[in-house]
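Please look over the sequence and structure first.

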Amino acid sequence: MKKISSLLALLIAMLLVSSCKDHETYADQKKKERAAINAYIQKQGIKVITESEFLKDTITDVSKKEFVLFDNTGVYMQIVRKGCGKKVKSGETVRVLCRFNEYNLLTDTLVTTNNILYYASMPEKMSVTNTSGTFTATFVSGVMMSKYSSTSVPAGWLIPLTYINVGRMVAEGDELARVNIIVPHSQGTSSALASVIPCYYEITYERGI
């Protein structure tokens, strides 16, 4: 009996140790996130510039693969095109239409997009308000709203609005604003926040009617 009790106690102890090893803490998840972001930056040959460098001209040199890191949010942003039209003014509320690709950086996979023929007539539609330079927004319709069952717009999507124009293509040569952003979980969707998932987005912004 003593031998059986000892073996049982040993088995329980081993199971407890194994369980502890399998349990991933929030700190562990954040380390994995940071590693995934760093790996992506290295793999893509991204040159990270500081906010102070960026604010000299608010340009990221695409030929040099420059991304600006916003220290207070952890978001990395590359402005591919500043876009036609004008910025969203302080005190203004506008409809903004977006086309996007969303990649999970932990798995290096495309997880959501509306850049396919099926969604040709259905861009992401959001209501955006600029209150003294602070942007807030809610989804009105689109793939993101449907997939994540939420009208909340990821905070990372709003950061570019300070620096880009949001207009419509009405003349030859007009182009929509386009940005690429690396978004840590804290600035992402509710799903990313819950599971500590960093995402990479390619997004265009167009002023709605």
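The sections below cover the basis of the model and then the salt bridges.

## Basis

This is a predicted model, in which local features need pLDDT of at least 70 and side-chain atom pairs count only at pLDDT 80 or more, while totals for chains, interfaces and linings use all residues. Residues are numbered from 1 along each chain as its sequence is written, and side-chain values use heavy atoms, with hydrogens and water left out.

## Salt bridges

The structure holds five salt bridges (a side-chain nitrogen of Lys or Arg within 4 Å of a carboxyl oxygen of Asp or Glu). Among them is the pair Glu-24 and Lys-32, at 3.5 Å from N to O. Glu-24 is partly exposed at 34% relative accessible area, and Lys-32 is partly exposed at 45% (buried means under 20%, exposed over 50%, partly exposed in between, with a 1.4 Å probe and protein chains only).

Lys-47 and Glu-66 form a salt bridge at 3.7 Å, N to O. The two are 19 residues apart, Lys-47 in strand E1 (residues 47-49) and Glu-66 in strand E2 (residues 66-70); strands (E) are DSSP runs of at least two residues, numbered from the N terminus. Lys-47 is partly exposed at 40%, whereas Glu-66 is buried at 10%.

Glu-92 pairs with Arg-207 in a salt bridge, with 3.1 Å between the closest N and O atoms. Here 115 residues separate the partners: Glu-92 lies in the loop between strand E3 (75-81) and strand E4 (93-104), and Arg-207 in strand E9 (residues 199-207). Glu-92 counts as buried at 19% relative accessibility, and Arg-207 is buried at 18%.

Note on methods: Helices (H or I, at least four residues) and strands (E, at least two) are DSSP runs, numbered from the N terminus.
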